[in-house]
Amino acid sequence: MTKLLTLLLASAALCNSVSAQQAPCKSIKALDGTCADPALVDINSRRSAVISSARTSYNGSPIGTVGLKPIPYERLYRDDPVVYGLPTYTTTITATITFDFGDGKGPVSTQSTSTTRTK
Amino acid sequence: MVEWPEAKWEVAAKTGYVWSSHRTPGQEASYNGPVDSQASLLVTLGTSYLRPVLGVAVNIPTGESVLSGKRRLTRMDPDLVELGTYGEGFNITPSLGVTFAPTANFIVTPSIGYSWRGEFDRESFVPATGLFTGRHTIDPGDVLTASISATARVGKWIVQGSAGYTAESEVHQDGVAIGKKGDGAIANVAALYPVSDKVNVLLNGSWGYFGKNDIPGSTGLVTELRNSNSHVFIGAIQPTYDLTDKLKIGFNYSFLYRNNNYYDIFQELYVPARVKHSVGPVMDYVIAPNATLSLAASRFWVVQDTGPNLVTQEIGVGSNPVVNRANLPPELHFSGWSISASAKVQF
């Protein structure tokens, strides 16, 4: 048991010594002990903030976007007529029914449909 | 002694002004004015193995949300114009993410954000006058977004991806619940491939899908029988060339595809399937070390699928009436040009 403890302490001391000799990472350390690519760390941190805050407004978030113009990523949630009041085709059915009592002069019923683009 | 982590603070803001004119005969209207503004604060903390990212983004209602009368027609289709609406309420979204690196070239960030969306007024139809001169108060509800993002370098490629889940609360109009958007799934993948020192190719793809909405029923909100939301796909490819150290030019092709037609008879709402293609040049110019000007132009084509097959006329006697039907609205084609200029200044 004492030998094992000594071995562990020696290993820890060696690790600390190795760490002390390494230059500090510009960004975070990876789980395998190497230095993570700072550019990738920044890109991904920003991307996560963009995704989390995209619903702040119709125009997304000033932190940035993850899509490309001219069809931005924010387009995914712009189809909301209640919140954004955007035009959607509204089909209005207006029915006119005329009863015919069998004199043979007119139709039994008529139904007409009109389509309007309203908001 | 507690070591205070190194912190990086970033503040950003954006706003805009719009000139919008609707010239359909009989529906002429225009809106000239500011749109809503947004501001954000992003704080990135640095520790040995973890990088927490704290963000706050706000929407400041500097635009107009009440567009009475024909002015409401100046809100336009989001596939025809980039700014389709001009005002909503005061919204605030705090977010938190934690970045870690399984390997040097593979970075992961789980994150969560919650958007509190404030009330705003919207014009409403007044039956007595037949005009849109009334007002509704809309409470758009809140949105929770939980996501995970990852970035990796694979050979010469840099690949980024995100997948997320959204949940929204009820929307109220004048204090009465009028709907609730279904839970959503979203994803985005972006890739950069450097062909040479000066030539890069950007690829980008997004997908969104929402579950069944809750709609007004006889006893409050009920889940709709058929999902009125569609799958929406967005794809883009953009090769660019660094003409000089300051000037980058490129070409963009993008498409949008909404896959499903739906007619909601309760809300008399028709959501058409649609395809949009867009092509055009792009340019980025570094005006100063802290300022970039971006210009883009595109030609677009939109094809909107036919509407539901409805009875337009029924004439006849007895059991054999003549029934005329038609797809309303019919298939529609739109085309147009889109030109945009934007400036980014870093202080």
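This report describes chain B and its interface with chain A in a predicted model.

Local features need pLDDT of at least 70, side-chain atom pairs count only at pLDDT 80 or more, and totals for chains, interfaces and linings use all residues. Residues are numbered from 1 along each chain as its sequence is written, chains are lettered from A in the order in which they are written, and side-chain values use heavy atoms, without hydrogens and water.

**Chain B**

Chain B has 0 helices and 26 strands (DSSP runs: H or I of at least four residues, E of at least two). Its C-alpha atoms fill a box of roughly 85 × 50 × 40 Å along the principal axes. Of its 347 residues, 41% are buried, meaning under 20% relative accessible area with a 1.4 Å probe, protein chains only.

**The interface**

Contact means heavy atoms within 4.5 Å. Chain B brings 112 residues to it, and chain A brings 67. Together the two chains bury about 7,600 Å², 56% of it on carbon and sulfur atoms. Buried area is the accessible area (1.4 Å probe) lost on being put together, summed over both parts.

The rule finds 7 salt bridges across the interface. Each pairs a side-chain nitrogen of Lys or Arg with a carboxyl oxygen of Asp or Glu within 4 Å. D79(A) and R258(B) form a salt bridge at 3.0 Å, N to O.

The side of chain B that touches chain A divides as follows:

| Class | Residues of chain B |
|---|---|
| Nonpolar (Ala, Val, Leu, Ile, Met, Phe, Trp, Tyr, Cys, Pro) | 50 residues |
| Polar (the others, Gly among them) | 42 residues |

Conventions
Buried < 20%, exposed > 50% of the residue type's maximum accessible area, 1.4 Å probe, protein only.
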